[in-house]
Amino acid sequence: MHITYYGHSCFGAEINGKHLLFDPFISPNELAKDIDIDAIKADFILISHGHEDHVADAVSIAKRTGATVISNYEIITWFGSQGVENGHPMNHGGDKEFDFGKVKYVNAVHSSVLPDGTYGGNPGGFVLQTSEGNFYYAGDTALTYDMKLIGEYENISFAILPIGNNFTMGIDDAVKAVEFLKPKKVVPCHYNTFPIIEQDANQFADKVKDSEVIIMNPGDMISL
Ligand code: NI
Ligand code: MN
């Protein structure tokens, strides 16, 4: 499995030959200005919630690639209204088998409204179970005790967690989330994009004890 970071909370994942893209927010992100959006491949686009900093480039990439968008029912309905033809609606607790692996939509404690004010349903994250490893993409969320269940139940090999504070959990709560999730590796995100979420990811790395912290910069790719 290859993971590419496109800044903020946007990641690409290549799994079993399929390209997944999470929460594309690239063109408005100064830290991601060197990313060539038109070169990003996507068979599936997974959207955690409706906020602009998670969907900014999703419609254009979905139309260019023909990718299937996976999110909650309300967000998929909105993508349909934007002319995106392929959508797969889910809701919390449900999972669905795709050709790259199984996706479960899980709770996030946050909010969700689309850029034009349309109701975006309840926000979520994703647990992916694949033959190349299982991982948890938290989306924007507070620390929740539900993460302990994910850690006990889903055999997570790595996790992608927000650490920016203010709008999501900050470093100390993300450290607790790692204790709950017990991933082998963890990648922090949703920090430094804006002044209000400036954080030192090295502090997160110092505080996490039993998992390897991988700090990625926009454009970085890792193989897991
Ligand atoms: Ni948000
Ligand atoms: Mn956000």
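Visitor: How far apart are the nickel ion (ligand 1) and the manganese ion (ligand 2), and which residue coordinates both?

Guide: The two ions are 3.1 Å apart, and Asp 140 coordinates both. This is a predicted model, where local features need pLDDT of at least 70, side-chain atom pairs count only at pLDDT 80 or more, and totals for chains, interfaces and linings use all residues. Residues are numbered from 1 along each chain as its sequence is written, chains are lettered from A and ligands numbered from 1 in written order, and side-chain values use heavy atoms, without hydrogens and water.

Visitor: Which protein donors hold the nickel ion (ligand 1)?

Guide: Donors are N, O and S atoms within 2.8 Å of the metal (3.2 Å for Na, K and Ca); water is absent, so sites may look incomplete. Here they are His 49 (NE2), His 51 (ND1), His 110 (NE2) and Asp 140 (OD), 2.2 to 2.3 Å from the nickel ion. Their spacing in sequence reads H-x1-H-x58-H-x29-D. His 51 sits in the loop between strand S4 (44-46) and helix H1 (52-55). Asp 140 sits 89 residues away, in the loop between strand S10 (133-137) and H4.

Visitor: Are His 51 and Asp 140 buried or exposed?

Guide: Both are buried (under 20% relative accessible area; exposed is over 50%, partly exposed in between; 1.4 Å probe, protein chains only).

Visitor: In what order do the seven strands of the open sheet run?

Guide: Strands (E, at least two residues) and helices (H or I, at least four) are DSSP runs, numbered from the N terminus. Two strands pair if DSSP finds at least two bridges. The order is S6-S5-S4-S3-S2-S1-S14, with mixed pairing. S6 (87-90) and S14 (221-223) are the edges; each has a single partner strand, so one side of each lacks a neighbour in the sheet.

Visitor: How many bridges join S5 to S6?

Guide: Four, and these strands run parallel. Ser 71 has Pro 89 in S6 as its bridge partner.
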